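Reader: Please walk me through this model, starting with the chain contacts.

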Amino acid sequence: MPGNWPLSKRRKALVERGAIFNRVRSFFQEKGYLEVETPFRIPAPAPEAHIDAVASAGWFLQTSPELCMKRMLAAGYQRIFQICRCWRDGERGVRHLSEFTMLEWYRAGADYRHLMEETEALVQAAAALPRIGYRGLTIDLALPWERVTVAEAFRLYAGTSVSEALGAGSFDQIMVEQIEPRLGLTRPTFIYDYPPCCAALARLKKDDPTVAERFELYIGGLEIANAFSELTDPAEQRIRFEAAAAERASSGKAPYPVAEKFLAALGAMPDSAGIALGLDRLVMVLLDAESIDEVVAFTTEEL
Amino acid sequence: MYTAADLRKGLKIAIDNEPYIITAFDFAKPGKGQALYRTKLKNMITGSTLDRTYRSGETFEPANLEDRKMQYLYKEDDHYCFMDNDTFEQIHINEAAMGDAKNYLIDNLAVDVLIFREKAIGVDVPNFVNLRVVQTDPWVKGDTSGSDSKPATLETGYVLRVPPFIEEGELITIDTRTGEYSTRVKG
């Protein structure tokens, strides 16, 4: 057993990680989802103001499989899931690895509320336990889970409004310092209905267009997943891409080519909902890991 | 010059022309929001601490410190004594300014003494140091799970987690940047 100690001491975590992945795959197979693979290396990532792709021989490593998976939705694949590697340049900390494992699934005919229910069932299936211990907390996975709007969370936990926070440029800092630590402490929490500027690929809410149909799942203060009722209007999507590209340019970031094939396909995409779930993070919560390093075989620094 | 992406525990930066060391660091990034680099900083002269959150795009000047190659001699009361091998000059640094470096000091260890305005304010030790284990419980034979670690006390008094196969009297390598066990020294 001598040799690489950090690697050998992770055996228990990696065995459990493998079992969690198996349960996740079984969950989707039983629900009629097709497991798909789309290319990691792509010519045109979705422009996002605060997510940077890693360049790869003139193209980019995906930051998410979102665009290719939506092209599959547009081509008539109604229920698809993928477990894959994604890369986000410069993201590294106890909860981040620049290369990490994403679970994304997309479902035609669904909206973000359907996905909240499906996410509840998935996490319960992945955990295979009625409650979990994480960082000294006992988190009950039985329903109902907590649901709080972004507006309520800002009022409750930060004593301010979303529009004030956006105006002051402090939305993200308040989220990190005052809201995230309060979410999902006794049971998982969905925080939902984000301001449209924070949801570049989401549909606006039909009865309240001041918010977009986006939710995030938090467990034990840790962000686990992000979901949308997907925007299906190519013209609106192009405008939002242009806005995100302009924001990137204004902070000195290199532009990406426009994802024209995605935009061309979007008009044929049915009403759908999609979600990206950080599998390393889910494993962290289920195994009570302090750092993401404990639940992967190799960190970047160990290569 | 450093950018926010360079921030990490142990980095020394200048704030208002005074040297600060990052004693705790956390990278946070909510949802699709912007990256926040949360730090705890210690003023290397006064020892006072502060919490600062930085964002992408911010830049930092390195702390304006001079490094002097010196050798560790001994500890007396709450002072540590170092000697310049060329001039034989000796200097003393008090315990509070030593930080984690004191966990790794064995006789004759070569260190960089950090000088600010002609005053010694701290010490940089090598990234890797070899230290002997003076106390640890024996490995229970037949335990091949590979998932456990156990505490060990080193010759400097520092206590850390090591693999179960490490025995008393063995020499091990410590990564001083993390304070963690790195490998066993053969022979």
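**Contacts, a hairpin and a helix pair**

Author: The model is predicted. Chain B puts 22 residues in contact with 26 residues of chain A.

Reader: Which strand gives the most to the side of chain B that touches chain A?

Author: Strand S3 (18-28) and strand S16 (180-184) of chain B each supply at least two residues of that side. With three residues, the one that gives the most is S3(B).

Reader: How many charged residues has the side of chain B that touches chain A?

Author: Nine residues there are nonpolar and nine are polar. The charged residues number four.

Reader: In what sense do strands S4 and S5 of chain B pair?

Author: S4(B) covers residues 36-43 and S5(B) covers residues 49-55. Leu41(B) has Leu50(B) as its bridge partner in S5(B). Over seven bridges, the sense of the pairing is antiparallel.

Reader: Which residue in the hairpin of S4(B) and S5(B) takes a positive phi?

Author: Five residues lie between the two strands. The residue with a positive phi, near 80°, is Gly47(B).

Reader: Is the crossing of H2(A) and H10(A) left-handed or right-handed?

Author: H2(A) spans residues 11-30 and H10(A) spans residues 279-287. Their axes come within 10 Å and cross at roughly 115°. The crossing is right-handed.

Reader: How many nonpolar residues are in the contact of H2(A) with H10(A)?

Author: H2(A) brings Ala13(A), Glu16(A), Arg17(A) and Ile20(A). They meet Val283(A), Leu286(A) and Leu287(A) in H10(A). Glu and Arg count as charged, so the contact has two charged residues and no polar ones. The nonpolar count is five.

Technical notes. Residues numbered from 1 in each chain as written. Chains lettered and ligands numbered in written order. Predicted model: local features only at pLDDT ≥ 70, side-chain atom pairs only at ≥ 80, totals over all residues. Contact = placed C-beta atoms within 7 Å. Helix = DSSP H or I, 4+ residues; strand = E, 2+ residues; numbered from the N terminus. Pairing = 2+ DSSP bridges. Axes fitted to C-alpha atoms, helices over the stretch in contact; angles between N-to-C directions. Left-handed = near helix turned anticlockwise from the far one by under 90°.
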